[in-house]
Amino acid sequence: MKTIRLHDKNFRLAIPNGRICDAIGRVADRINKDYAGRETPLFVGVLNGSFMFMAELMQRITLDCEASFVKIASYRGTASTGKVHELIGLSADIRGRHVVIVEDIVDTGASIEHTVNLLKAKAPASIAVATLLFKPE
């Protein structure tokens with residue numbers, strides 16, 4: 001079985017590409033249904049991890065929408081530091097807007113919680129999270 005080395009870790013294929021594409025399609029279908037008839041949602045990708053997921057997701061979104069990115073850090077290498085730092089913040093005015101945070105993998109939830117709290121302070125109409133995976137223990 002093919003393995004990939006990243007830093008000091010070796011990984012093996014766990015989820016085939018077809019299953020990932022199917023999952024992204026299901027997330028997009030749900031978003032298209034949930035946001036039909038609403039004002040233009042803003043998708044906020046959390047860099048760096050979300051960029052591939054967000055690109056695939058946005059290709060399947062049939063709604064009028066906008067996209068932006070934030071960059072936060074809670075990892076050093078492959079280990080969580082337990083602290084979240086905002087490296088690039090959101091410049092868009094989100095007051096009264098529907099916001100969908102796009103994250104590739106939710107690990108401890110600290111990054112999502114941090115991002116939601118930052119965005120709540122900007123008075124959006126709603127905040128939702130779209131994630132591809134929850135990291136197993």
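What you see is a predicted model, where local features need pLDDT of at least 70, side-chain atom pairs count only at pLDDT 80 or more, and totals for chains, interfaces and linings use all residues. Residues are numbered from 1 along each chain as its sequence is written, and side-chain values use heavy atoms, with hydrogens and water left out.

Let's start with the whole chain. It has three helices and seven strands, where helices (H or I, at least four residues) and strands (E, at least two) are DSSP runs numbered from the N terminus. The table collects some totals.

| Item | Value |
|---|---|
| Buried residues (under 20% relative accessible area, 1.4 Å probe, protein chains only) | 31% of the 137 residues |
| Contacts (heavy atoms within 4.5 Å) with a separation of 6 or more that join residues 24 or more positions apart | 69% |
| Accessible surface (Shrake-Rupley method, 1.4 Å probe) | about 8,900 Å² |
| Share of that surface on carbon and sulfur atoms | 52% |

Now for helix H2, residues 51-60. Which of its residues are buried? Phe53, Met54 and Leu57 are. They sit on the same side of H2, because they cover an arc of only 95° around the axis, taking the directions from the helix axis to the C-beta atoms. As a rule, an α-helix has 3.6 residues a turn, so residues three or four places apart point the same way. Met52 and Gln59, on the other side of H2, are exposed, meaning over 50% relative accessible area.

Next comes a loop. Thr108 lies between strand S6 (98-106) and helix H3 (110-120). Thr108 counts as exposed because its relative accessibility is 61%. Between the C-alpha atoms of Thr108 and Phe134 there are 8.9 Å, although the two are 26 residues apart along the chain.

Last, the second largest pocket. A pocket here is an open set of points on a 1 Å grid over the protein atoms alone, with protein on both sides within 12 Å along at least five of seven lines, and lining residues have an atom within 4 Å of a point. The volume, about 170 Å³, is the space filled by probe spheres set on the points. Helix H1 (17-34) and strand S7 (126-134) each give two or more residues to the lining, and H1 has the largest share with four. Among the lining residues are Val27, Arg30, Val100 and Ala128. By class, seven are nonpolar, none polar and two charged, with Asp, Glu, Lys and Arg counting as charged, Ala, Val, Leu, Ile, Met, Phe, Trp, Tyr, Cys and Pro as nonpolar, and the others as polar.

How values were computed:
On a 1 Å grid over the protein atoms alone, a cavity is a set of points where a 1.4 Å probe fits but cannot get out, and a pocket is an open set with protein on both sides within 12 Å along at least five of seven lines; lining residues have an atom within 4 Å of a point.
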